[in-house]
Amino acid sequence: PSAESMEQAGEKTKARTIMEAADVPIVPGTNDPVTDVSEVHEFGEEYGYPIAIKAEGGGGGRGMKIVHDPEEAADQLDAAKREGESYFDNPAVYVEKFLENPRHIEVQILADTHGDVVHLYERDCSIQRRQQKLIEETPSPSLDEETREELCNAARRGVGEAGYVNAGTVEFLYEEDRDQFYFLEVNARIQVEHTVTEVATGFDIVKEQLRIAAGEELSVSQAEIDPRGAV
């Protein structure tokens, strides 16, 4: 992806703003960094606790602190800022409603320089330890076909709105009891788990990256992508 796309995707508040403009559901939260504990308190009063304070440049659980009551807010805000500075060279943080037991679902996308975007369906990575993924599987056992199409097409809309190019992954949190998904973040790169998608679709993602980088159009349309079996 371009440096601009990577910056937009890497800074979570910018990514949330883009997804919101593309009509992709986002977790209730702030689209601007918070700097004072009073902003955390105000958010908690409006949405209830627990809430999450997250590093703007964070990922993999680093720079994320959970606030269960107002008394914890100041310490957790400071801790999130320190981790953001330490791990990502960015002390900016934002606040989100903390979803306590969601599924974690990610969508593999490819976008070319001609404005075309396809998704290669989803991977379910809900089995984790300390916010680190342990098992990836496709298709997700928690999605019905209607929700799967809505979620995957939301990923297409979001990266299209961003003018994103090349391979990437759009991650979502899914509340199974409410049948509601929310945008979480964009990984502006190919990930190690791309091989799960390749086995299910028979599609060489790395080869397609090279085609895209050479300025060629995507070699496949959305209608031609037909995953088979479970991986």
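Does G57 count as buried, partly exposed or exposed, and what is its relative accessibility? At 22% relative accessibility, G57 counts as partly exposed; here buried means under 20% relative accessible area, exposed over 50%, and partly exposed in between (1.4 Å probe, protein chains only).

Some ground rules before going on. This is a predicted model, where local features need pLDDT of at least 70, side-chain atom pairs count only at pLDDT 80 or more, and totals for chains, interfaces and linings use all residues. Residues are numbered from 1 along each chain as its sequence is written, and side-chain values use heavy atoms, with hydrogens and water left out.

**Strand β1**

G57 lies in strand β1, and so does G59, with the strand covering residues 51-59. Strands are DSSP runs (E, at least two residues) and helices are runs of H or I with at least four, numbered from the N terminus. G59 is partly exposed, with a relative accessible area of 28%. For G59 and N187, 128 residues apart along the chain, the C-alpha separation is 9.2 Å.

**Aromatic pairs**

Rings of Phe, Tyr and Trp (its six-membered ring) pair if their centres lie within 6.5 Å; planes under 30 degrees apart are stacked, over 60 edge-to-face, and the rest tilted. By this rule the count comes to three aromatic pairs. One of them is F43 with Y47, a tilted pair at 4.5 Å centre to centre and 35° between the planes. These two are four residues apart in helix α3 (residues 37-47), so about one helical turn separates them. Another pair, F172 and F181, is edge-to-face because the planes stand at 90°, with the centres 5.6 Å apart.

| Residue | Relative accessible area | Class |
|---|---|---|
| F43 | 6% | buried |
| Y47 | 36% | partly exposed |
| F172 | 0% | buried |
| F181 | 7% | buried |

**A negative patch**

On the surface, D144, E146, E150, E176, D177 and D179 gather in a patch of negative charge. Patch members have over 30% relative accessible area and no salt bridge, and like charges are joined within 9 Å. A salt bridge would be a side-chain nitrogen of Lys or Arg within 4 Å of a carboxyl oxygen of Asp or Glu. Of these residues, E150 sits in helix α5 (residues 145-162) and is partly exposed, at 40% relative accessible area.

Technical notes. Patches are made of residues with over 30% relative accessible area and no salt bridge: like charges are joined within 9 Å, nonpolar side chains (Val, Leu, Ile, Met, Phe, Trp, Tyr) within 5 Å. Accessible areas come from the Shrake-Rupley method with a 1.4 Å probe; for residues, only the protein chains shown count as cover. Lys and Arg count as positive and Asp and Glu as negative; His and the chain ends are not counted. The place of a charge is taken as NZ of Lys, CZ of Arg, CG of Asp or CD of Glu.
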